[in-house]
Amino acid sequence: MDTVSFNRQSWMRLLALSSWSDLKECAGYLALVTCEIIRPPETGLVMLRGRIGGTGSAFNMGEATVTRCAVRSAKSHEGHAYIMGRNHEHAKIAAICDAVMQDDNCSARIESLVLLPLQKILVERRKVAAQKAAATKVDFFTLVRGEND
Amino acid sequence: MTDAAFATPAHDSARSFRPILDAMANPGKIYSFKPAVQAPAGLGPEAAAVALVLCDFQSPIWLERSLRMAEILQYIRFHTGAPITNSKPEAMFAFIDATRAVPSLTDFPMGTQEYPDRSVTLVIKAERLTANPDVTFKGPGIQSTRGFSAPHLSPAFWSSMIASRTGFPLGMDVIFVGSHQVAALPRSTQISIDGAV
């Protein structure tokens with residue numbers, strides 16, 4: 001059995017951050033896995049709290065739309081997912097993926113078929129975004145004006 | 001192992017809420033209550049549906065000892081998000097299985113003069129509710145009088161319910177659930193044991 005380099009937190013994060021089109025492409029077939037739905041996908045709001053600087057007290061920044069889902073696989077692993085937005089399919093597939101990743105017999109395969117490609121895509125997209133942002137960077141500097149001479 | 005709750009939460013919870021609402025409006029009248037819900041064995045679908053429909057993170061739940069099973073605790077925490085408390089004075093809802101044991105009602109909150117709503121709602125699970133006049137109800141929502149009976153509820157229980165009426169508008173409300181049944185006893189209803197109201 002191959003070892004899995006993801007831990008649960010990191011794969012849940014990856015599944016939540018991936019875009020729906022990428023997830024559908026890499027893991028769409030997971031929707032066919034037989035699972036009992038413990039909590040059908042439901043959309044709600046969570047309050048985002050923020051802090052300005054390291055000393056300010058926390059304040060309510062605003063609400064974010066979040067969809068969550070919980071499933072139980074045939075082998076009794078519970079899979080949970082919380083994702084931003086209202087895509088119920090996304091939450092369900094992420095939850096199923098979380099459940100099958102807890103199964104040691106499947107995790108290595110799911111990792112190579114789903115998680116690693118998703119991670120590659122995510123890193124690539126971040127890089128492109130960073131490059132685009134970097135192209136607009138402005139360096140501020142002051143020319144010596146010679147006032148002291 | 002957490003059981004699933006409502007399959008379609010929006011519709012199923014609305015369908016479950018309606019009989020509870022009707023029961024509260026017509027004290028002692030027994031309504032058919034068949035919630036489409038999976039529930040842990042000890043709790044039963046009717047009591048589970050009441051918890052799912054009425055409880056949330058702001059309503060601490062107290063459970064009678066026989067209901068404090070890991071499955072039930074997990075089910076309530078997962079599906080309602082309500083905190084489970086062991087302290088009666090903190091409880092907003094108290095779930096009681098009358099077929100096992102009925103606890104003393106003295107420590108449950110009855111509300112305060114400023115906030116009479118900060119009181120407990122008892123959810124009492126019985127085998128079968130009937131209109132046999134073990135006790136007779138009278139008050140708002142009842143044309144003249146209405147008989148009510150639930151097995152396992154002792155005269156001592158009814159005496160303490162009558163005693164809780166003295167501080168109106170403070171008091172406690174009760175929801176009875178039987179097999180496929182629901183009935184309610186709001187604090188505004190007067191109770192008499194011997195039939196004479």
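**Exercise 1. In which loop of chain B does V37(B) lie, between which elements?**

Step 1. Note the basis. This is a predicted model, in which local features need pLDDT of at least 70, side-chain atom pairs count only at pLDDT 80 or more, and totals for chains, interfaces and linings use all residues. Residues are numbered from 1 along each chain as its sequence is written, while chains are lettered from A and ligands numbered from 1 in the order in which they are written.

Step 2. V37(B) sits in the loop between β1 (31-32) and α2 of chain B. Helices (H or I, at least four residues) and strands (E, at least two) are DSSP runs, numbered from the N terminus.

Step 3. Check burial. A residue is buried if 20 or more other C-beta atoms, placed from the backbone, lie within 10 Å of its own, exposed if 12 or fewer, and partly exposed in between. V37(B) has 23, so it is buried.

Step 4. List the neighbours. Contact means C-beta atoms, placed from the backbone, within 7 Å. Leaving aside neighbours within four places in sequence, V37(B) contacts A5(B), F6(B), D12(B), P45(B), A48(B), A49(B) and L52(B). D3(B) is 34 residues away along the chain, yet its C-alpha atom is 9.4 Å from that of V37(B).

**Exercise 2. Work out how α1(B) and α2(B) pack.**

Step 1. Take the geometry. Helix α1 (residues 9-25) of chain B packs on α2(B) at about 105 degrees, with the axes 9 Å apart. Axes are lines fitted to C-alpha atoms, for helices over the stretch in contact, and angles run from 0 to 180 degrees between N-to-C directions.

Step 2. Classify the angle. Under 35 degrees counts as roughly parallel, over 145 as roughly antiparallel, 65 to 115 as roughly perpendicular and the rest as oblique. The two helices α1(B) and α2(B) are therefore roughly perpendicular.

Step 3. Name the residues. From α1(B) come S13(B), S16(B), F17(B) and I20(B); they meet A49(B), V50(B), L52(B) and V53(B) of α2(B). By class, this contact has six nonpolar, two polar and no charged residues. Ala, Val, Leu, Ile, Met, Phe, Trp, Tyr, Cys and Pro count as nonpolar, Asp, Glu, Lys and Arg as charged, and the others, Gly among them, as polar.

**Exercise 3. Describe the surroundings of β5(B).**

Step 1. Find the partners. Strands pair if DSSP finds at least two bridges between them. Strand β4 (residues 93-97) of chain B pairs with β5(B) in the parallel sense over five bridges. I96(B) has I124(B) as its bridge partner. Strand β8 (residues 173-178) of chain B also pairs with β5(B) in the parallel sense, over five bridges. Here V123(B) stands opposite I175(B).

Step 2. Five of the five residues of β5 (residues 121-125) of chain B are buried, so the strand is largely enclosed by the rest of the structure.

Step 3. Look at the core. A nonpolar core is a set of buried Ala, Val, Leu, Ile, Met, Phe, Trp, Tyr and Cys residues joined through C-beta atoms within 7 Å. The largest has 57 residues; V50(B), F93(B), A94(B), V123(B) and F176(B) have the most contacts inside it. Helix α2 (residues 45-54) of chain B gives the most, with eight residues.

Conventions. Two residues are in contact if their C-beta atoms, placed from the backbone, lie within 7 Å.
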